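Here are my notes for your read-through. Please keep the sequence and the 3D view open as you go.

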Amino acid sequence: MEYNDLYNACQQIKQKDVKAPWFMLGKTDVKNCNGCHQNMGMSAKDLVLKVFEKCAGKAGCDVCRLHMEDDCLFFPELYRLNDQAEASSRPVCTKDLRQLLNSCTMCGLCPCQDIKMIILQAKAAFIDEDGISLSGRILSDVAAVGCLGSEFSRVVNRLNRLTPVSSILKKALNVHPERHLHVFPKESFFLWAKKRGLNSPKDNKSQFSSKVAYFAGCSAGYLFPEVGKAAVRILEQNNIEVFIPPQECCGMPLIVEGDKKTALKKIQGNMESLLRSVKNGYDIVCSCPTCGYFFKKLLLENAYYSDAFQEESGAGNNVMKVPFGPGKNNFTTVPKGIYQKILKDEGYFSLLDPLKRIELSNKIKDMGEYLLSIQANSKLILNPARPDTPMIYYAPCHQMEQEIGQPYYNLLKFFPGSDIIQIGGSMQCCGMGGHLGYKTSFHPHSLRIGQSLFKRFLSEKDRTIITDCLSCRIQFQQTMSRKVFHPLEVM
Ligand code: SF4
Ligand code: SF4
């Protein structure tokens, strides 16, 4: 049952009050269906209150009161609201709960996966209940904005340079007046790739040592095509066939905004397209750490608990096979009688095929990770233009959350004569949060979160800033007016 069919069936049932079909029995309270069964029976408000209960309630954990004090807006505000409610004996109002949710950028830095997923579910439930604002819809649709912006870049950039026009546009889109609007490239990466025939597989495969299907994502695809081009050049230089498969936005900006329905449609399309490439022998590689974090970590949520995986793994009638410990291939078994009631594939993405989610999550690699694996066999050919340029490298949150080490830093520091230092601890975020950093309400907070990082960069004025996250790049360019490069461009 595909997502769209299930969603449509669900909507029909809601409207016509018909009996739930077999595939929904035992899973849903159809009357309360918000379009996806995992929110059944729980309102947006109840979902946020669940986070309060788990993280700040009387028997709550409370670890993030200190742990997330500086680099996250969500937790400090959650504890403030909680303490205020306790002191006044008045519950937190819905408006405050909604604002609280808007403050989570899904940077991924907080420790508990289940809490992050409840936050995402609550964001989606609020949109289901109240609808999405036009500005939220436009800003979170990075692919549409990027596609139009690059298609009509001459006109759009010229208009954006005119202060009265950009002021009206910012107001209409709820963009903060001080946020710089993006200068769109003359040609998107996707158009460039199409002109070079990269959107169809090559006929003569024998001349290549391996093949890569490259997921550029919206940021390299539409906003910074030079990064996508650098990725292609490095792969081709290493005799690797590059194929740009049909692709949509990974879904992260939509998920962060709460537009779950649109996100799931795009994710479904990407899963089909990328797994088709896997079947045809391609390695799947992406250069955007947010896309990588999404595919590897978020999309995998609960997929191993699904009946389909349990059956495929041969776990049998008495035990469940479940992930255990670090790394991808570590599993343990637990008694089925007890755990099957708790461990279920009932999460944000459970309407999507769990086996496909697992397969894609395990197959996709970050470009740095992929190149480092080639270098491990001493085969990587790189031609850095100016390896001795002093560089300062920042590993973004979503790269660290992938738990792949720091491949780009390791690659860059091994250039002969390389002069590179690294900054950013495991808890330092630039604060941009993708499209959220543009929003009027979020922009000042976004700058506040990134402040310690900006100061560190300013103390290293002579070094070129290198980071693999293009959202961080937008933030650094906004605050420091300094050039920022993706490691692939340096290579
Ligand atoms: S996110 Fe996890 S560690 Fe942090 S307070 Fe909540 S339950 Fe505790
Ligand atoms: S994902 Fe990031 S912004 Fe959201 S609650 Fe966790 S640390 Fe805070």
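**Notes on the predicted model**

1. Start with the sheet that runs in the order β2-β1-β3-β6. This sheet is open, has four strands and pairs in the parallel sense. Its edges are β2 (240-243) and β6 (365-366); each has a single partner strand, so one side of each is left without a neighbour in the sheet. Bear in mind throughout that this is a predicted model.

2. Next, the pairings inside that sheet. Strand β1 (residues 210-215) runs parallel to β2, and four bridges connect them. Ser210 has Ile240 of β2 as its bridge partner. β1 also pairs with strand β3 (residues 283-286), again in parallel and through four bridges. There, Tyr214 sits opposite Val285 of β3. β3 in turn runs parallel to β6, with two bridges between them. Cys286 is the residue to look at here: its bridge partner in β6 is Asp366.

3. Now the other sheet. Four strands form an open, parallel sheet in the order β8-β7-β9-β10. The edge strands, β8 (420-423) and β10 (484-485), each pair on one side only.

4. Which residues of strand β7 are buried on its two faces? Met391 and Tyr393 are buried on one side, and Ile392 and Tyr394 are buried on the other.

5. Tyr394 is a handy landmark for the pairings of β7. β7 and β8 run parallel and are joined by four bridges. In β8, Ile423 stands opposite Tyr394. β7 and β9 are also parallel, with four bridges. In β9, Thr467 stands opposite Tyr394. From strand β9 (residues 464-467), two bridges lead on to β10, in the parallel sense. Ile466 faces Phe485 of β10 across that pairing.

6. Ser89 follows α4 and has a positive phi, near 55 degrees.

7. Which residues of α4 are buried? They are Phe74, Phe75, Leu78 and Leu81. These residues lie on the same side of α4, because they cover an arc of only 130 degrees around the axis.

8. Is Glu86 buried or exposed? Glu86 is exposed, because 12 other C-beta atoms lie within 10 Å, and a residue counts as exposed at 12 or fewer. Glu86 and Val319 are 233 residues apart in sequence, and their C-alpha atoms are 43 Å apart.

9. Lys297 belongs to helix α16 (residues 289-298). It is partly exposed, because 17 other C-beta atoms lie within 10 Å. Leaving aside residues up to four places away in sequence, Lys297 touches Glu401 and Gln402. Ser209 is 88 residues away from Lys297 along the chain, and 29 Å separates their C-alpha atoms.

10. Two ligands need a look. What surrounds ligand 1? Its shell holds Lys54, Cys55, Cys61, Asp62, Val63, Cys64, Cys110, Pro111, Cys112 and Ile115. By class, that shell has eight nonpolar, no polar and two charged residues.

11. Around ligand 2 stand Met68, Cys72, Phe74, Phe75, Cys104, Thr105, Met106, Cys107, Gly108, Leu109, Cys110 and Lys116. This shell divides into nine nonpolar, two polar and one charged residues. Cys110 is listed around ligand 1 and around ligand 2. Phe74 and Phe75 are buried in α4, and both are also in the shell of ligand 2.

Conventions. Residues numbered from 1 in each chain as written. Chains lettered and ligands numbered in written order. Predicted model: local features only at pLDDT ≥ 70, side-chain atom pairs only at ≥ 80, totals over all residues. Near = placed C-beta within 6 Å. Nonpolar A, V, L, I, M, F, W, Y, C, P; charged D, E, K, R; others polar. Pairing = 2+ DSSP bridges. Buried ≥ 20, exposed ≤ 12 C-beta atoms within 10 Å, placed from the backbone. Arc of directions from axis to C-beta. Contact = placed C-beta atoms within 7 Å.
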